[in-house]
Amino acid sequence: MVDFLAENNLCGQALLRLSEFIPAVFRLKDKSDQQKYGDIICDFSYFKGPEYYDSKLEAKPDLQDLDDEFRENNLEILSRFYLAFESVHKYIVDLIRYLDDLYEGVYIQQTLETVLLNEDGKQLLCEALYLYGVMLLVIDQKMEGEVRERMLVSYYRYSAARSSADSNLDDICKLLRSTGYSSQSGAKRPANYPESYFQRVPISSTFISMVIGRLRSDDIYNQVSAYPLPEHRSTALANQAAMLYVCLYFIPSILQTQQAKMREIVDKYFPDNWVISVYMGITVNLVEAWEPYKAAKIALNYTLDSANIREQASRYSVSMEGLRPQIQQLLKEGFLREEIVLDNVPKLLNCLRDCNVSIRWLMLHTADSAYDPNNKRLRQIKDQVINDSKYNPKILFQVLLDTAQFEFTLKEMFKKMLSEKQLKWESYRTEGSERMTELAEVFSGVKPLTRVEKNENLQAWFREISKQIESLNYEDSTAAGRKTVQLIQALVEVQEFHQLESNLQVCQFLADTRKFLHQMIRTINIKEEVLITMQIVGDLSYAWQIIDRYTLTNYKLPESIRVNPSMVTKLRATFLKLASALDLPLLRINQANSPDLLSVSQFYSGELVTYVRKVLQIIPESMFTSLAKIIKLQIHAIMEVPTRLDKDKLKDYAQLGARYEVAKLTHAISIFTEGILMMKTTLVGIIKVDPKQLLEDGIRKELVRRVAYALHKGLIFNPKAKTSELMPKLKEMAATMDGFYRSFEYIQDYVSIYGLKIWQEEVSRIINYNVEQECNSFLRTKIQDWQSVYQSTHIPIPKFPAVDESATFIGRLCREILRITDPKATCYMDQLNTWYDLKTHQEVTNNRLFSEIQDTLGTFGLNGLDRLLCFMMVKELQNFLSVFQKTILRDKAMVDVFKAMLSAVNPVKGIVGRYQQLRKDSYQGGVYQVGQMQILRQQIANELNYSCKFDSKHLAAALENLNKSLLADIEAHYQDPSLPYPKEDNNLLYEITASLEAAGIHNPLNKIYITTKRLPYFPIVNFLFIIAQLPKLQYSKNQGMTCRKATDPVDWSPLVLGLLTLLKQFHSRYTEQFLALIGQFIRSIMEQCTSQKIPDMPSDVVGALMFLEDYVRYTKLPRKVAEAHVPSFIFDEFRTVL
């Protein structure tokens, strides 16, 4: 049975955890999502005609492709949701099987009645039903019905479960189909909800009625003993009341018609409260929940009578007024001493009970989540409660903080006293016994004590008392207690009867011994029960969700921390008080020795730590606000002091006002740090919270938030601007980033953190994450946030809505660079590394652009840009291939031209009379864009390599040498396979490549970007394409190859690099054939010129020879590759032209 509940708490925790990971597309909220995914995401209507939906998909290849991509991206998370849903169903099936086994007598001598008579059995059976109800409610509250249906249908379509015979998917779908309930405020409640939902899996009515009978009549957790006062009774039974509330929905007839039972329930559990916490802070208002049920509504009317509401609210108002000064008095430094605590345990416990009961009532009955603002009656009740209780969130929260601190102090004292109990008791006993022995010696006349006559009777009596004290036994505390009281009495009497008052020293000895005996009685009365009572009374699980209202919104807690950072110590006690709420879900999991104890503890502790971080985030926020002011002063107000200074100018440079302001702000920052470090290392649930780590994480989080926002806002470009905004915006951004950097450098010593390390780690994370998100648009299997290595739950990188086709700032930056260096509008001069506008001949940009990006985004930014360009290039190359296959190879006329051409040019060593020309714009665009991106990649590699050699020459040298030696080893292995080579599972080559690219030690032109198959006519198509471009170009001595007309733009460098990259993706024989065709073209034209006696070298030949020259130069191939196809005398003549 305990195993069930362990499993159930586990399901509950899995549901709560998973509810945060529902993929947004399943909600279909955006129009774009509806248009894109509407046909592939279906609800249960799919089951009426799956063939119709499947045929719709098969009819459209694009939809099929989208469906496959969607499956790849979401199957893993869908499987996890399905497992959680399945475990809920399995849980109730197991419970029903257990009840059937009980009924059939499988467990000998055990029946349902005997299990319910056993104290543990009673608790477990009641919890079994209650937790099942809670799970169903949580599913409906956290995951809307439509979303559940869509997820289940998608899982059904994508997984293998539909084909396996033992799958219970049908039953799960029946249990979890949409109920029509919506958790949105103002949504109407469906009829017969939730009872019809609870009855989807039939459960034995005898079992349900017996459970409800037990919950109605018994105190199943024996809580009343911890709350002896009658007015605290409803608080004592609050957990049981929540269980009863859920279980009643399994037999709605009680709520509807059985007035007597409902009256009894309300009188016992709800005479003074109507807002309850069902499970871990999920609040329910009975006024609204029981509105549709006649008997329940009538029974609750007595509680909701305005006179009763006034009475309850006023009672708690008076209670708060009295408790606040009382708690503050108890918390005064030095007030709670051991003897005061031991003498006043009942009073202190009563004070704790009153505080906790008042806080509970006021927090629940004023919680916003418990009152629907659209319901007039609820609004009136809430207003009455707030007015009559004189509710002030600030005071209430202050009392909660003080109570938590008081509780924490008291618990710690009790724990310490319990651990030292035996030692102290024995030391008091020894002290008392020794005092008596000494007195006995005094009356023997041997020990010199002024004017004490020898008295053998007293000597013997004191010896006997000493023995009696010595014989007291710690183990038998009852007998020892009685005997101690008798001994105290005897010591009082001996003083009176033997007229010992006259001797002060003897009196002192007797008084000391009595004191020790009193201490022994006190010490023996330190019981663990007090700690247990404090644990029960201090339960704060009801506030698991509503406490946010006090710490993060209404109540100005952040302001208070800002004014008084030492307040954080009280918050620590409150966090620990909240952590006690974890006992509820973990108890049964622990009892069942479930291996999942750790993961459930981790989940709730993680939730709590996240909350702690949220509350304390105000400290880093305030620090950054002060920092911004400091930086402003340092940059704009404070002048740099020169090395030589005239003394009459000393006053001007002193700038005392500005410097005082900086000192004041810096002091404020260090005070904040002090506040958080006061917290001490605390165990929150099972997670250790180190305040230094909290502070560092908080600073990181704030830094990430501000830097990410600055990058998002600062790098938005207007594509219609006459002159590009790129350089000015980069300069502005660089200044902003420098401000952040300097402020970090300034703060690090005051806060004792590694500023530079944090800066580099977080900025690289922001940029890498944004690059990853940008590259997602090129990937079929997307990297979700929860899979990303750069995203973090504690220090999240914010996501901003896209402002154009790019998802992030890095995409906008990349597309802006591509826009301004577009080969259709600009001409790239390779010698000058500069782009010029084709029409105005003005400079557009040059390689300074990349230094500016380096200043703004650092190495990570350039590296990220490089990665993004790679993805774009892959996409261009893939598009290019699909265009080649779909348009060129399917065009029959064109293929005929190629065939004719092939036969005309064979053999390649010969000469051809006439050439066809190929004009294909789609082909042209792809080549140019790839070439343009290759130029950008080369520039980025140059900039990275330059800065690497400049900033860290040892790293650059080490990488270059390692690279050379690795290549030498690999070449040696291919010549002699017995030599070593990195194994499959060795990441060395992969890792070194990443480092080499980051240092710019690579050649983008040598990379293979895509895998390709054999393509017929590929060399000849490329050859025809290049000779079609040659007439548009002309050679000039100063500028090299430029286009003839600005209206028909051709940019030489992107053309050469684009073709080179294209050919690099295929087998080297294609390149051979392509070069051979160019060689044949040059020879053929030269032959014609010679026969027609034309003295000058034609421009097409000059262009083709230039192409060969540049090809050899970019690929770093030996000259003989070109000379194999063109006689060297033609090259010699070509050089005279140059």
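Analyst: H34 supplies the largest share of the lining of the second largest cavity, with four residues. This is a predicted model. Helix H34 covers residues 691-714, and helix H30 covers 597-616; each of these two helices gives at least two residues to that lining. The cavity holds about 70 Å³ of space. By class, the lining splits into three nonpolar, three polar and three charged residues.

How many cavities of 30 Å³ or more does a search of the whole structure find? The count is six. The largest cavity has about 150 Å³ of space. It is lined by 17 residues, and the closest to its centre are Ser234, Thr235, Ala238, Asn273 and Arg360. H19 gives the most, with five residues. The class make-up here is 10 nonpolar, five polar and two charged residues.

The phi of Met280 is near 45°, a positive value in a residue other than glycine. Is Met280 buried or exposed? Met280 counts as buried because its relative accessible area is 4%, under the 20% cut-off.

Lys1116 also has a positive phi without being glycine, near 60°. Its loop runs between helix H46 (1099-1115) and helix H47 (1120-1123). Lys1116 is exposed, because its relative accessibility is 68% and the cut-off is over 50%.

Another loop residue is His1002, found between helix H42 (988-998) and helix H43 (1018-1029). His1002 is buried, at 17% relative accessible area. Its side chain makes a polar contact of 3.5 Å with the side chain of Lys1007. Leaving aside neighbours within four places in sequence, His1002 touches Asp866, Arg937, Ala941, Leu996, Glu997 and Lys1007.

Two more local features remain. The peptide bond from Tyr193 to Pro194 is cis, with omega near 5°. Pro194 sits in the loop between helix H8 (169-176) and helix H9 (195-198). Further along, strand S8 (1033-1036) pairs with strand S9 (1040-1043) in the antiparallel sense, over four bridges. These strands form a hairpin with three residues between them. Within this pairing, Gln1034 stands opposite Thr1042 of S9.

Note on methods. Residues numbered from 1 in each chain as written. Predicted model: local features only at pLDDT ≥ 70, side-chain atom pairs only at ≥ 80, totals over all residues. Heavy atoms only, no water. Pairing = 2+ DSSP bridges. Buried < 20%, exposed > 50% of the residue type's maximum accessible area, 1.4 Å probe, protein only. Polar contact = N/O pair within 3.5 Å; in protein donor to acceptor, adjacent residues only side chain to side chain. Contact = heavy atoms within 4.5 Å. 1 Å grid on protein atoms, 1.4 Å probe; cavity = no way out; pocket = protein on both sides within 12 Å on 5 of 7 lines; lining within 4 Å. Points joined across faces, edges and corners; volume = space filled by probe spheres on them. Nonpolar A, V, L, I, M, F, W, Y, C, P; charged D, E, K, R; others polar.
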